[in-house]
Amino acid sequence: MTEAQSIDQVQQMLGEQGYVCGRALATVVFLSLRLGRPLFLEGEAGVGKTEIAKALSAALGRRLIRLQCYEGLDASSAVYEWNFAAQMVAIRTAEAAGGADRAALQTELFSDEFLIERPLLEAMRPDENGAPVLLIDELDRTDEPFEAFLLEALSDFQVTIPELGTIKAPEPPIVILTSNRTREVHDALKRRCLYHWVDYPDFTREVEILRARAPEASEKLSREVVAFVQALRTEDLFKKPGVAETIDWANCLLALDVIDLSPEVIADTLGAILKYQDDIAQLQGSEAKRILDKAKQTLEETP
Ligand SMILES: Nc1ncnc2c1ncn2[C@@H]1O[C@H](COP(=O)(O)OP(=O)(O)OP(=O)(O)O)[C@@H](O)[C@H]1O
Ligand SMILES: [Mg+2]
């Protein structure tokens, strides 16, 4: 499939990749494809932001190019670098051969052969399957100068390499940016994008996600797991469990042949859902049982 014709179709094609997508998210994905606008996704950790880009590239049959952001990321690591070591070798070889033509050597040293393409440049190269999906992941980890640079790159999809000239994408890539909101991303960048806050899924959708991602789990166990995790998210924790944790936990329980949840099983497997000692300590003793009771109560009230 190369084109999504409707919101329903977006929902369906992501579903075929095992990505359970609500109507609101499917709508912004559809609009982003239709209007050719970057999609900016914000949300808590482990709610499926990165996975959307993966599912979308698989569904559209496009290449996925990922730019993982980190503190100190600069334009050269994001766009291109010259292969300095290989250039040195070429210079030495030319010198050893004697009488090297300096001008020819200069041109050769700054040709495609010595260019290391980084994600942003790669994403601007033509691809026989159509423009790639460019995932700019965890943008909040970079600093403002890089954001400003990105703003430029995203507005005209072209890169200028002094020695080679300007390279322009024949067709702009499908851009997805994600942030965990450890800091606010600048308004100017957000303005260029369509925005969606990826929230924790509701009960029904999270059970559906387990059906897709932990299919061996029984319906009963899945419902209990989801009800418990959802109850846990209402507690005052340092780090609430995301969907990734729900899936991990279900798989741990399956590996242990657990049929249904009990306070003992929960205590033994808490490390799959909570990753901070303070949070784990908070669930010791009767707390796990209290939350489990609360979860079972909601299960009885949910059809
Ligand atoms: N709606 C969904 N449908 C299917 N799987 C999902 C969904 N949401 C999350 N997942 C699963 O949860 C896991 C975590 O998702 P992902 O890595 O995309 O989270 P994230 O939001 O990028 O988290 P982080 O902020 O930590 O990077 C993945 O394995 C993904 O398969
Ligand atoms: Mg991610």
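Predicted model: local features only at pLDDT ≥ 70, side-chain atom pairs only at ≥ 80, totals over all residues.
**Exercise 1.** Work out which backbone atoms make polar contacts with ligand 1, and how much of the ligand's surface the protein buries.

*Solution.* Begin with the cut-off, since a polar contact here is a pair of N or O atoms within 3.5 Å. At Val-20, a backbone N or O atom lies 2.7 Å from a nitrogen atom of ligand 1, which places this pair within the cut-off of 3.5 Å. Turning to the oxygen atoms of the ligand, a polar backbone atom of Gly-46 is 2.7 Å from one oxygen atom, and a backbone N or O atom of Val-47 lies 3.1 Å from an oxygen atom of ligand 1. As for the surface, ligand 1 taken alone exposes 630 Å², of which the protein buries 82%.

**Exercise 2.** Describe the site of ligand 1, from the pocket to the residues, helices and domains of the shell.

*Solution.* Start with the space that ligand 1 takes, which is the largest pocket. Helix H3 (49–60), helix H10 (203–213) and helix H12 (243–255) are the elements that give two or more residues to the shell around the ligand. Next, count the residues: 17 surround ligand 1, and the closest include Thr-50, Asn-180 and Arg-213. By class, the shell divides into 8 nonpolar, 5 polar and 4 charged residues. Finally, assign the shell to domains: domain 1 (7–72 + 120–198) and domain 2 (203–294) each supply at least three residues.

How values were computed. Residues numbered from 1 in each chain as written. Chains lettered and ligands numbered in written order. Heavy atoms only, no water. Near = heavy atom within 4 Å. Polar contact = N/O pair within 3.5 Å; in protein donor to acceptor, adjacent residues only side chain to side chain. Areas by Shrake-Rupley, 256 points an atom, 1.4 Å probe, with all protein chains shown as cover. 1 Å grid on protein atoms, 1.4 Å probe; cavity = no way out; pocket = protein on both sides within 12 Å on 5 of 7 lines; lining within 4 Å. Sits in = over half its atoms within 2 Å of the grid points. Helix = DSSP H or I, 4+ residues; strand = E, 2+ residues; numbered from the N terminus. Nonpolar A, V, L, I, M, F, W, Y, C, P; charged D, E, K, R; others polar. Domains from an automatic or database assignment.
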